[in-house]
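Welcome! Please look over the chain below, then work through the exercises with us one step at a time.

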Amino acid sequence: MARLAVLVSVVAAAAVGGSVGLRPIGVGEPGVGDTYFPGAGNGGYDVTRYDIELDYDPPTDRLTGRTTVTAVATRTLREFSLDLKLPATAVTVDDRPAIISQLDGELRITPAEPVAANSAMRIVVGYAGVPSSIGGGSELGAGPWQRTPDGALGAGEPEIAAWWFPANDHPSDKAVVAVTVTVPDGVEAISGGSLLGGPEPQPDGRDRWRWSADEPMAPYLAFVAIGQYDFVRRDTPFGPYLAAYQRGPDPLSMAIARRSVERTPEVVDVLDDILGPYPFGQLGGVVTLASFPALENQTRPVYGLGMFGGIGDPDAGFPVVVHELAHQWFGDSVSLARWRDIWLNEGLATYFEWLYVERTGGDPAAVTAQRLYQVLGDPGAESFWRVPPGDPGAGNLFDEAVYVRGGLAVQAIRAKIGDPDFFALLRAWVDERAGGNATVDDFLATAERVSGVELDDVAREWLVEPDRPPSPPGGS
Ligand SMILES: [Zn+2]
């Protein structure tokens, strides 16, 4: 996410019946045990894919859904949960009706027969409701599902899935996501991955749009954008490019946004040189009129129009594009194992804004870091240093310090181990961990292994201590 983020949502830690140490045999927990968000995700199974089918009515924000969750039980399950805030209407497990109950976004499912350990299960969930009426997920006091003049946007971090599909909503459980949306004639519906079909006219006069992403993703990286959009499509060396720009009353601002987003293949080319192959089969972007910062949705980041500059500085938003594209490696391909490791996403994506400038003929990242360190020595910036990016706290997940001090921490590691080992570290990290999940400790261990340099002091100074380090990253 880009750092003007305001969508910090705090998952209600309402772990229904999950507070005792012993769990009843065969019962999946209503949370994966994330230290920041105990209610996030669920225990007892791994999802392999989501097939999400939606019917959406923009004038009423009425969403009717049917999602098939294909999962493998990791132990015998006579009861388990999915995260879903919209009211469920019916659930089957392996084609047999299940008993359900729903409270605080947890959909509790009791299959007709227990699911045996290590066996696949197919859960079909029917549901319907008005997603924008569901609050409780954001500092703004409203849910992360947003209506726009002619549609809606379902995108957010750390959670959004439960507003539009039933999920094991934690980044540790990545799965393939396919999204099919039926909307009124003349309205576009956009998601990640490939456009398999659309607009496909339906017998009732509505249009259907079908999208599918090939590579597994963390549930928060799935999105849906509905409204009137203009598409730009072309082939690139990294796969088919598709960007979508929402039509609205300010075409000049949208043209300025488009100027930056259309540079996506050029940015991926630079990042690919530094990091190795772009991790996905498609690329692109979406610019929405919703009040939204920007988020690294897998294959197709979503950008709020407000993130881009005006006529006086038309490239002001370009670093946001670099940031979200760096996340395709840091966050999307290599995902968090738990939310406290958010530095792996935001510290590295912010650093790549600086590194991109360095690689394209501008100031070295070390100079940018030095300048920021000096500016942040101002007495007015004292509170900035109180948030340690290595463990910022659930309420500070998107604090400025996670981004900027997080980027300074990356520069400190680079200065300590030297450029050859630093770039070898980046490549080793995204290669060895591609498609997986990892922690800050894993990153530091990889850095120490690649460089042979012990990094405890650097990590403590830049990631852990709630104080401004006495000298700039790499300085003395
Ligand atoms: Zn970010």
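Two strands pair if DSSP finds at least two bridges between them. Helices (H or I, at least four residues) and strands (E, at least two) are DSSP runs, numbered from the N terminus. Residues are numbered from 1 along each chain as its sequence is written. This is a predicted model, in which local features need pLDDT of at least 70 and side-chain atom pairs count only at pLDDT 80 or more, while totals for chains, interfaces and linings use all residues.

**Exercise 1. Describe the sheet that contains β3, β7 and β6.**

Step 1: The three strands lie in the order β3-β7-β6 and form an open sheet with antiparallel pairing.

Step 2: β3 (80–83) and β6 (99–103) are the edge strands, each with a single partner, so one side of each has no neighbour in the sheet.

Step 3: From one strand to the next, the twist averages 25°.

Step 4: Between β3 and β7 (residues 106–110) there are four bridges, and F80 is found opposite I109 in β7.

**Exercise 2. Work out how α2 and α3 pack.**

Step 1: Two packed helices are described by the angle between their axes and the distance between the axes. Axes are lines fitted to C-alpha atoms, for helices over the stretch in contact, and angles run from 0 to 180 degrees between N-to-C directions.

Step 2: For α2 (residues 264–275) and α3 (residues 318–326), the angle is about 55° and the axes are 10 Å apart. That makes α2 oblique to α3 (under 35 degrees counts as roughly parallel, over 145 as roughly antiparallel, 65 to 115 as roughly perpendicular and the rest as oblique).

Step 3: T264, V267, V268 and L271 of α2 make the contact with V321, V322, L325 and A326 of α3; residues are in contact if their C-beta atoms, placed from the backbone, lie within 7 Å.

**Exercise 3. Now repeat the analysis for α3 and α4.**

Step 1: α3 and α4 (residues 343–359) pack at about 125°, with their axes 8 Å apart. They are therefore oblique to each other.

Step 2: On the α3 side, the contact residues are P319, V322, H323 and A326. On the α4 side they are L348, A349, T350, F352, E353 and Y356.

**Exercise 4. How many helices and strands does the chain have?**

Step 1: The count is nine helices and 22 strands.

Step 2: Along its principal axes, the C-alpha trace spans about 65 × 55 × 40 Å.

Terms used:
Two residues are in contact if their C-beta atoms, placed from the backbone, lie within 7 Å.
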